[in-house]
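I set out to keep a record of what I looked up in this structure. The entries follow in the order in which I made them.

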Amino acid sequence: MAEPAAIIGFGQTKHAKARADLSMPGLCREAATRALEDAGLDWKDIDAVVIGKAPDAFEGVMQPELFLADALGSAGKPMIRVHTAGSVGGSTVIVAAHLVEAGIHARVLAVAWEKQSEGNAQWGLAGGRSGGIGAGGAFAPFIRSYIERTNAPEYIGWQVAVKDRLNALKNPYAHLRLPDISLEKVKESPMLWDPIHFLESCPSSDGAAAVVIGNADEARKAPRPPAWIIASAVRSEPTQFPGRDAVRPQAGVDCAHDLYRQAGITNPAQEIDAAELYVPFSWYEPMWLEGHDIAGPGEGWKMVDRGDTELTGSFPVNPSGGVLSSNPIGASGMLRLAEAANQVRGQAGEHQVEGARIALGQAYGGNAQYFSMAIFSSTLP
Amino acid sequence: MTDAQTEPEASSAVMMDDKVTLTYVEDLPPNTVRFAEALVEGRIVGQRCPQCQRVYVPPKGYCPLDVVLLDEGDDTEVSDRGVVTGFTIIAPVKYYGQTKTEPFVYASILLDGASGTLGGQDVSGISADKVRAGLRVKAVWKPEAERTTEGQSARGWGNVEGCISSFEPSGEPDAPREHYQEHVI
Amino acid sequence: MAPVDVALIGWAQTPSVARASIAEPQLCMQANLAAVAKAGIERKDIGFTCSGSCDYLTGGPFAFVQNLDAAGAWPPIAESHVEMDGAWALYEAWTRLQLGDIDVALVYGSGKSSPSDPVQLYPQQLDPYYLAPLGLDPASIGALQARALLDSGRASEDQFAEVAARSRRSARSNPNAHVRGDEDAADLAKADYVRAPLRAHDIAPVSDGAAAIVLATAERARGLVERPVLIRGIEHRLEIHQPGMRDLTRSPSTAAAAQGAGLGGGRVDVAELCALFSPQELILRDALGLDDSVDVNPSGGPLTANPVMATGLVRIIEAAQRIADGTAGRALAHATNGQGLQHNLVAILEGVS
């Protein structure tokens with residue numbers, strides 16, 4: 001009963017540690033105007049606006065989508081503000097897609113953003129208290145556990161860190177540009193949350209992403225190829241409870257299986273041409289490969305080791321450079337889904353995976369408890 | 001997609017520091033009050049779900065798995081000894097309100113008698129590079145006169161910092177992996 | 001595509017109180033358990049869950065994460081959250097049910113306003129460059145709106161007092177409200193101003209509470225409850241943020257949302273309106289074309305209980321209750337987001353025999 005929906009436009013900002021050249025509205029508009037242009041549409045063509053971002057404590061404005069009403073052309077229209085922690089960028093795309101799939105709107109603009117330089121994300125994450133564990137403190141024990149379970153060699157994390165930053169050099173929007181990055185440099189960089197080194201960790205970025213989602217009529221009219229949303233799913237599980245496997249969260253497994261079932265995929269490693277996975281700390285690449293049953297237990301790090309996840313490998317992961325290269329927290333999830341969509345649209349420029357027809361976008365958040373995922377196809381089944 | 005600027009133009013924008021103070025005053029829920037009072041007395045109290053029998057420490061006032069509310073009748077004491085199930089060492093970052101200056105251990109402890117872990121604990125009396133999952137520890141209690149309910153909040157379900165300063169090795173042999181591997185957090 | 005008819009089959013609210021002694025997740029669990037029980041379903045029947053809450057109100061980042069404990073998220077569930085009143089979580093769940101692959105959804109909204117001071121907190125909800133530095137508190141914006149309405153000649157302070165008096169009287173029979181009274185409007189009109197021309201009784205109180213609703217497709221609802229309450233239509237619209245750039249005496253977004261939701265299709269017996277200040281009720285009545293035959297805020301409305309982030313959901317519950325108990329055949333529920341009626345949602349509910 002759901003109508004087909006597609007991403008018909010994608011825009012993003014040049015992500016940077018601080019975009020002091022733009023206000024919050026300006027940051028959002030840079031992405032949104034690019035998305036509209038990409039879709040061949042104007043502000044007035046949009047029926048509804050869905051906005052996603054992470055905790056408002058990061059910028060010091062409560063529910064900023066309210067004051068962004070004018071800047072985002074949402075005055076006079078329906079507007080929804082999604083907040084699902086780190087996965088929010090992904091769930092924002094999905095909420096927007098549902099509005100089109102339900103036949104409620106023909107063209108929906110979804111915007112996700114964070115202007116972290118205007119607040120203090122470390123303070124925000126700590127809830128304003130001392131002893132904050134930062135972004136990585138919660139995940140470091142899970143990573144340590146993965147390494148122990150699988151006996152993965154220590155260089156796997158460094159390898160992912162290098163791969164994603166070299167990919168980022170092919171992405172003009174990426175924040176980090178580290179052409180001299182090497183395994184050695186990653187290994188020697190300071191330890192932040194043992195065993196996560198500084199260069200294995202995401203930056204803190206200002207940035208915004210925007211997509212225009214259209215129905216089948218709009219997709220046919222759009223100037224550039226659409227990315228059909230052939231599957232989408234979200235799953236959540238409680239933060240902490242006895243017996244929880246936080247290394248391979250059940251919510252992530254269930255989300256992926258729902259996704260593959262919708263898309264008719266039985267062998268994801270083979271049938272998916274490219275993946276944008278939310279990897280804010282390098283070890284999460286092999287962990288999500290296993291956590292979403294793309295690789296078997298203990299096999300995720302071997303995919304990395306073999307070079308499968310390189311841009312030219314058999315299962316390219318994060319050709320855009322991923323979260324490790326740009327992390328405006330609220331936008332990062334949308335960047336994953338939109339970059340995956342761009343792969344099947346053939347619009348990824350220098351970081352295009354040749355011949356990509358089916359791509360996976362994934363975002364996660366909270367205590368590795370929230371998952372939002374989608375599969376994009378260049379053709380409608 | 002349109003061309004990206006490779007670098008944003010230099011800005012003449014003025015950055016204004018706008019410091020805001022927001023004060024929240026909240027009553028602790030009854031389960032956290034009982035937890036805090038017991039801590040001051042040198043006891044660690046959790047709650048047992050009557051349906052699944054899991055013991056939550058600190059007590060949440062409910063079981064999130066069975067979706068049942070719990071009350072004082074479900075309170076149950078647990079040991080102040082347990083095992084480190086997972087940990088990291090955090091290099092502190094400066095931000096407003098931060099008082100930590102040295103790298104600190106951040107460990108999850110599965111106390112004997114509890115089904116879930118007590119998170120965010122310091123492990124003392126051992127060098128950081130020797131901390132490991134499986135390490136058996138016991139609470140280092142503050143002297144009775146120094147124990148307070150300071151630091152309790154309704155964010156999360158309570159913490160022990162006003163009464164227990166850290167956990168230290170108990171001297172017992174390490175717990176086998178099967179004992180703790182399902183309790184990494 | 002033919003829209004899927006969606007009905008409310010269960011609902012519950014915690015009694016709104018000036019200061020709750022239990023934590024927000026515990027309030028949510030109480031509401032969720034009661035709503036699910038009323039709906040006569042099991043947790044495993046729920047195909048999607050959506051909640052509304054606000055980090056800044058709760059006083060910490062990711063505040064909604066703790067509330068997830070109340071949602072029965074194990075085994076893992078398909079779930080989402082909006083940084084908005086639960087009424088918009090209901091809108092998202094209603095949208096989700098249109099897709100046809102699931103037929104039951106759980107919605108909840110919650111907030112404890114008591115830990116914070118609205119005067120200190122709500123300026124943070126305003127444009128950070130031009131408005132927040134003014135320290136404009138919500139009652140002041142409400143007062144500006146009230147003053148504009150008085151100056152337009154379309155309302156009087158006596159009418160404000162009548163709204164307040166009627167609301168407080170209605171609340172006497174509502175166990176979930178916590179502000180009640182039996183004063184004459186004339187007596188209320190003599191009280192001191194708090195923010196001229198608003199008096200204390202003209203301003204929604206600070207409340208803590210949670211509310212939950214179970215939705216089902218009409219088809220599924222028929223098999224579950226005797227009197228499902230159908231959502232005939234639901235729409236919402238945002239307006240310009242700057243209060244100085246719009247006519248505060250009108251609510252075109254409410255009118256547009258109501259039209260989209262199908263208000264024109266017939267008269268309503270009951271309207272539950274999110275008027276956080278008594279003048280707002282007059283503005284909303286005007287936008288909705290409600291005459292004196294409509295029973296407005298029989299629950300007492302937000303002037304008698306204002307669990308922010310659940311207040312809108314409570315309006316929907318109160319409207320649904322009147323349909324379920326037979327006192328209304330068609331009801332309107334309104335929710336608002338932001339200040340000065342910047343963002344408005346309207347749902348039209350009908351009984352199904």
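This is a predicted model: local features need pLDDT of at least 70, side-chain atom pairs count only at pLDDT 80 or more; totals for chains, interfaces and linings use all residues.

I next looked up chains B and C, where the contact takes 18 residues from chain B and 18 residues from chain C. The side of chain B that touches chain C has 12 nonpolar, two polar and four charged residues.

**Entry 1. Confidence.** I recorded an ipTM of 0.97 and a pTM of 0.97 for the model.

**Entry 2. Chain A as a whole.** I listed 13 helices and 11 strands in chain A. Its C-alpha atoms fill a box of roughly 55 × 45 × 45 Å along the principal axes. I compared the radius of gyration with the rule for a compact globule: 381 residues would give a value near 21 Å, and chain A has 19 Å, which agrees. Of the 381 residues in chain A, 72% are buried. I also looked at contacts in chain A between residues at least 6 apart in sequence, and 79% of these join residues at least 24 apart.

**Entry 3. Helix α1 of chain A.** I checked the length of helix α1 (residues 24–39) of chain A. At 1.5 Å a residue, its 16 residues should span 22 Å, and the end C-alpha atoms are 23 Å apart, which agrees. Is this helix mostly covered or mostly uncovered? I found α1(A) mostly covered, with 12 of its 16 residues buried. Among them are A:Met24, A:Leu27, A:Cys28 and A:Leu36, but also A:Arg29, A:Glu30 and A:Asp38. The buried residues of α1(A) pack against β1 (5–12), β4 (107–115) and β7 (206–215) of chain A. Just after the helix, A:Gly40 takes a positive phi of about 70 degrees.

Entry 4. The domain assignment of chain C gives domain 1 (6–116 + 206–230) and domain 2 (118–205 + 233–351). Their centres, taken over C-alpha atoms, are separated by 22 Å. I found 35 residues of domain 1 of chain C in contact with 32 residues of domain 2 of chain C. On the domain 1 side of this contact, α4(C) gives the most, with six residues. By class, that side has 20 nonpolar, 12 polar and three charged residues.

I then examined helix α4 (residues 86–97) of chain C itself. Its 12 residues should span 16 Å at 1.5 Å a residue, and its end C-alpha atoms are 16 Å apart, which agrees. I noted that 12 of the 12 residues of α4(C) are buried, so the helix is largely enclosed by the rest of the structure. Among these buried residues are C:Trp88, C:Tyr91 and C:Trp94.

**Entry 5. Backbone details.** I looked up two cis peptide bonds. One runs from A:Asp194 to A:Pro195, with omega near 10 degrees. A:Pro195 is in the loop between β5 (191–193) and β6 (196–197) of chain A. The other runs from C:Ala196 to C:Pro197, with omega near 0 degrees. C:Pro197 lies in the loop between β5 (193–195) and β6 (198–199) of chain C.

A:Asn151 has a phi near 55 degrees and is in the loop between α4 (140–150) and α5 (155–168) of chain A. A:Asn318 has a phi of about 60 degrees and is in the loop between α11 (300–306) and α12 (322–325) of chain A. Which of these is buried or exposed? A:Asn151 counts as exposed because it has 8 C-beta neighbours inside 10 Å, whereas A:Asn318 is buried, with 28 other C-beta atoms within 10 Å.

Definitions and conventions
Residues are numbered from 1 along each chain as its sequence is written. Chains are lettered from A and ligands numbered from 1 in the order in which they are written. Helices (H or I, at least four residues) and strands (E, at least two) are DSSP runs, numbered from the N terminus. The expected span of a helix is 1.5 Å times one less than its number of residues. A residue is buried if 20 or more other C-beta atoms lie within 10 Å of its own, exposed if 12 or fewer, and partly exposed in between; C-beta atoms are placed from the backbone. Two residues are in contact if their C-beta atoms, placed from the backbone, lie within 7 Å. Domain bounds come from an automatic or database domain assignment. Ala, Val, Leu, Ile, Met, Phe, Trp, Tyr, Cys and Pro count as nonpolar, Asp, Glu, Lys and Arg as charged, and the others, Gly among them, as polar. The radius of gyration is taken over C-alpha atoms; the globule rule is 2.2 Å times the number of residues to the power 0.38.
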